[in-house]
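Here is a short report on aromatic contacts. The sequence and model come first, then the details.

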Amino acid sequence: MRIDKYLWCIRYYKTRTLATTACKKGQVRVNKEIVKPSREVYALDTIELRKNQINYKLVVNDIPQSRVGAKLVDIYRTDITPKEQFEAQELLKYSKDYYRKKGIGRPTKKDRRDIDSFTDENE
């Protein structure tokens, strides 16, 4: 089975087009090699893919006939992603918590007070 179709079948991508695009961008590796979307996948291959700033690692157990339900995904793959990847994602979420988007406007009084208190602590 093609790698893009496999990733779509085991529900890592919502559409096959997204899986194909990820392969073309070099975000998918099979046995540590960057692959094209047409690359065939076999049992016991190791897949590494980058999605949402997380580097997932999978081992192919079996090839599904077609797209499978979410409860049946574990039959066809084993997820060996290190837990540090998910912890780094949590930290990234907290760091973005206070980020002001460009174009929002001038800082509010509360923002100014926070900035002043931060600079007073550093002096």
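Phe 86 is partly exposed in this predicted model. Its relative accessible area is 35%, which falls between the cut-offs of 20% for buried and 50% for exposed. Tyr 56, by contrast, is buried, with a relative accessible area of 14%. Tyr 12 is buried as well.

These residues belong together: Tyr 12, Tyr 56 and Phe 86 form one aromatic cluster. The structure holds two aromatic pairs. A pair of aromatic rings is described by the distance of the centres and the angle of the planes.

| Pair | Centre to centre | Angle between planes | Type |
|---|---|---|---|
| Tyr 12 and Tyr 56 | 5.6 Å | 70° | edge-to-face |
| Tyr 56 and Phe 86 | 6.1 Å | 65° | edge-to-face |

Why do these count as edge-to-face? Planes over 60 degrees apart get that label. The planes of Tyr 12 and Tyr 56 stand at 70°, so that pair is edge-to-face. For Tyr 56 and Phe 86 the angle is 65°.

Which parts does each pair tie together? Tyr 12 lies in the loop between helix H1 (3-9) and helix H2 (16-24). Tyr 56 lies in strand S4 (residues 54-60), so their pair links parts that are 44 residues apart in sequence. Phe 86 lies in helix H4 (residues 83-95). Its pair with Tyr 56 therefore ties helix H4 to strand S4, parts that are 30 residues apart in sequence.

One further contact involves a charge. The charged end of Lys 51 sits over the ring of Tyr 13. It lies 5.3 Å from the ring centre.

Note on methods: Residues numbered from 1 in each chain as written. Predicted model: local features only at pLDDT ≥ 70, side-chain atom pairs only at ≥ 80, totals over all residues. Heavy atoms only, no water. Phe/Tyr/Trp six-rings, centres within 6.5 Å; stacked < 30°, edge-to-face > 60°. Helix = DSSP H or I, 4+ residues; strand = E, 2+ residues; numbered from the N terminus. Buried < 20%, exposed > 50% of the residue type's maximum accessible area, 1.4 Å probe, protein only. Lys NZ or Arg CZ within 6 Å of the ring centre and 35° of its normal.
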